[in-house]
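Open the model in a viewer and keep the selection tool at hand. Each stop below says what to select and what is found there.

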Amino acid sequence: MLTTNFVTGAPNWLDLGSPDTDAAAAYYGRVFDWSYESAGPEAGGYGFFKLGGSTVAALGPLTDEGASSAWTVYFQTPDAEATAKAVEQGGGTVRVAPFDVMEAGRMACFTDPGGAEFAVWQPAAVAGLEKASDEGALCWAELHTGDPTAAKAFYRGIFGWRSEDMKVPGMTYTVLSTAEGDQQDASFGGVVPLRDESEVPRWIPYFSVTDVDEVVTNTQGAGGSVLMPASDVPDVGRMAWLADPFGAPYAVIKPNPPIQVAA
């Protein structure tokens, strides 16, 4: 399961790029009861989504010309420069070379060979998210890609991820785990093939909730949209795919069996 005891390759940060950060902060406040806290005038409009006083995600303005609103998943690295080299050697693209984020840490942004964007965080003063797998927090990261086999090989070369293929109705679902620890306990995400040509390669964050249908209602009431209606998946949970008013996709899930979050 995804925890805040971050190891190499584990999701350790999550942020949203939006064309209207004030509206996005208000929207996610209605959907997840998050509050927003600015990182200060020197942060260029960047700030943090908080839940119960703990950081669960971040928000900032779009910086690339022509960019669409989207969530970016960051993965733990002990060496951002080495990861950038591995990305290039694996056929990926370095969109933003490693750089220091004040005293907080070091980051870099990439695109994998299939076209999905992701980033890495090398911690310093900021270790990463302060909640994971709890109510309203990130609990899973899912890669939607046109070539799951190639994607698994690429990320295995970058982070050493382990994978296990599972047959589900209509497709093969791959469960991803970090290189360290028991493989099942270290699972944090999955890989699925694109459903059709209209879907773009991307990482989708899943947030843990106690009532999926209520969140769907809140999403629609706040101006968001439903990409996949709420449905039950045996031995997984009840889930839905959604999008905020600016088109950034995300998902929610009530896991079954429930996640036991350490105190």
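**Stop 1: a pair in a helix.** Select Y28 and F32 in helix α1 (residues 21-32); they are four residues apart, which means that about one helical turn separates them. This is a predicted model. Searching the whole structure gives 34 aromatic pairs. Y28 and F32 make one of them, a stacked pair with 6.3 Å centre to centre and 15 degrees between the planes. Show the surface as well: Y28 is buried at a relative accessible area of 0%, and F32 is buried at 8%.

**Stop 2**

Now widen the selection to Y27, Y28, F32, W34, Y36, F49, W71, F207 and Y250, which form one aromatic cluster.

**Stop 3: the helix itself.** Go back to α1 and show it whole. The helix has twelve residues, and from its first C-alpha to its last it reaches 16 Å, close to the 16 Å expected at 1.5 Å a residue. Which residues of α1 are buried? Select A24, A25, Y27, Y28, V31 and F32 to see them. These residues cover an arc of only 165 degrees around the axis, so they lie on the same side of α1. Turn the view to the other side of α1, where D22 and R30 are exposed.

Then check both ends. At the start of α1, a side-chain oxygen of D20 comes to within 3.3 Å of the backbone nitrogen of D22. After α1 comes D33, with a positive phi near 65 degrees.

**Stop 4: the sheet around β16.** Select the eight strands of the open sheet, which has mixed pairing and the order β10-β11-β12-β9-β13-β16-β15-β14. Which strands stand at the edges? They are β10 (162-168) and β14 (225-233); each has a single partner strand, so one side of each has no neighbour in the sheet. Neighbouring strands here are turned against each other by 25 degrees on average, direction ignored.

Stop 5: F207 has already been selected, as a member of the aromatic cluster.

β15 and β16 run antiparallel and are joined by seven bridges.

Finish at the hairpin of β15 and β16. Five residues lie between its strands, and G247 in this hairpin has a positive phi near 95 degrees.

Terms used
Residues are numbered from 1 along each chain as its sequence is written. This is a predicted model: local features need pLDDT of at least 70, side-chain atom pairs count only at pLDDT 80 or more; totals for chains, interfaces and linings use all residues. Side-chain values use heavy atoms; hydrogens and water are left out. Rings of Phe, Tyr and Trp (its six-membered ring) pair if their centres lie within 6.5 Å; planes under 30 degrees apart count as stacked, over 60 as edge-to-face and the rest as tilted. Helices (H or I, at least four residues) and strands (E, at least two) are DSSP runs, numbered from the N terminus. Buried means under 20% relative accessible area, exposed over 50%, partly exposed in between (1.4 Å probe, protein chains only). The expected span of a helix is 1.5 Å times one less than its number of residues. The arc is that of the directions from the helix axis to the C-beta atoms. A polar contact is a pair of N or O atoms within 3.5 Å; within protein, one must be able to donate a hydrogen and the other to accept it, and residues adjacent in sequence count only if both atoms are side-chain atoms. Two strands pair if DSSP finds at least two bridges between them. Axes are lines fitted to C-alpha atoms, for helices over the stretch in contact, and angles run from 0 to 180 degrees between N-to-C directions.
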